[in-house]
Amino acid sequence: MSDLDHRVGVREQNLVVRNLRLSNVTEENCDELVKSIDQLFGIDEVSYNIKEGEIHLAYDAANINLDGIEEVIRKHNADVHDDWWTHTKESYYKFVDQNVKDNAAHKPWSCHKVPPGASRKNK
């Protein structure tokens, strides 16, 4: 896949996929919740499995993070499920998202570059 296979604001190298259980999602607020998240810049895809109570997210971690998505979830009177495994995954996801964001802004260096002021003569 390339960047052209994704929505605007999503780069393949920064794409992350997340699955989290949610609480208090009903048939009434489910569609509006998914629609609101889907409109955020950097979201590639979102879906909610009401039977399993799990949200599936694919997004560019350099443009949006899990905290911003959770804020939208809470606006719709839902929340991340309160159990040990979900909190462990959530913490790990946030850690990885921050690394992706930091690395996206990092200017790479290379040992193959000629240092400033040095010549390219073979010795």
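Here is a short tour, from the whole chain down to single side chains.

**Before you click**

This is a predicted model, so local features need pLDDT of at least 70 and side-chain atom pairs count only at pLDDT 80 or more, while totals for chains, interfaces and linings use all residues. Residues are numbered from 1 along each chain as its sequence is written, and side-chain values use heavy atoms, with hydrogens and water left out.

**Stop 1: the whole chain**

Switch to cartoon view. You'll find three helices and four strands, in the order β-α-β-β-α-β-α along the sequence. Helices (H or I, at least four residues) and strands (E, at least two) are DSSP runs, numbered from the N terminus. Of the 123 residues, 36% count as buried. Buried means under 20% relative accessible area, exposed means over 50%, and partly exposed is in between (1.4 Å probe, protein chains only).

**Stop 2: salt bridges**

Now show the side chains. How many salt bridges does a search of the whole structure find? The search turns up seven. A salt bridge here is a side-chain nitrogen of Lys or Arg within 4 Å of a carboxyl oxygen of Asp or Glu.

Select Asp97 and Arg18, whose side chains meet in a salt bridge at 2.7 Å, N to O. This pair links distant parts of the chain: Asp97 sits in helix 3 (residues 84-105) and Arg18 in strand 1, 79 residues apart. Both Asp97 and Arg18 are buried.

Next, pick Asp83 and Arg21, another salt bridge, with the closest N and O atoms 3.7 Å apart. Asp83 is in the loop between strand 4 and helix 3 and Arg21 is in strand 1, so the pair ties together parts that are 62 residues apart in sequence. Asp83 counts as partly exposed at 22% relative accessibility, and Arg21 counts as partly exposed at 35%.

Move along to Glu90 and Lys94, where the closest N and O atoms of the salt bridge are 3.5 Å apart. Both lie in helix 3, four residues apart, about one turn of the helix. Glu90 is buried, with 9% relative accessible area, whereas Lys94 is partly exposed at 29%.

**Stop 3: aromatic rings**

The structure holds two aromatic pairs. Select Trp84 and Trp85: their ring centres are 5.8 Å apart and their planes are at 35°, so the pair is tilted. Then try Tyr92 and Tyr93, with centres 6.5 Å apart and planes at 50°, so this pair is tilted too. For the cut-offs, rings of Phe, Tyr and Trp (its six-membered ring) pair if their centres lie within 6.5 Å; planes under 30 degrees apart count as stacked, over 60 as edge-to-face and the rest as tilted.

Are Tyr92 and Tyr93 buried or exposed? Tyr92 is exposed, with a relative accessible area of 52%, but Tyr93 is buried, with 11%.

**Stop 4: two loop residues**

Select Asn24, in the loop between strand 1 (15-23) and helix 1. Its phi is near 65°, a positive value in a residue other than glycine. Now jump to Asn77, in the loop between helix 2 (66-75) and strand 4 (79-80). The phi of Asn77 is near 60°, also positive in a residue other than glycine. Asn24 is exposed at 54% relative accessible area, and Asn77 is exposed at 62%.
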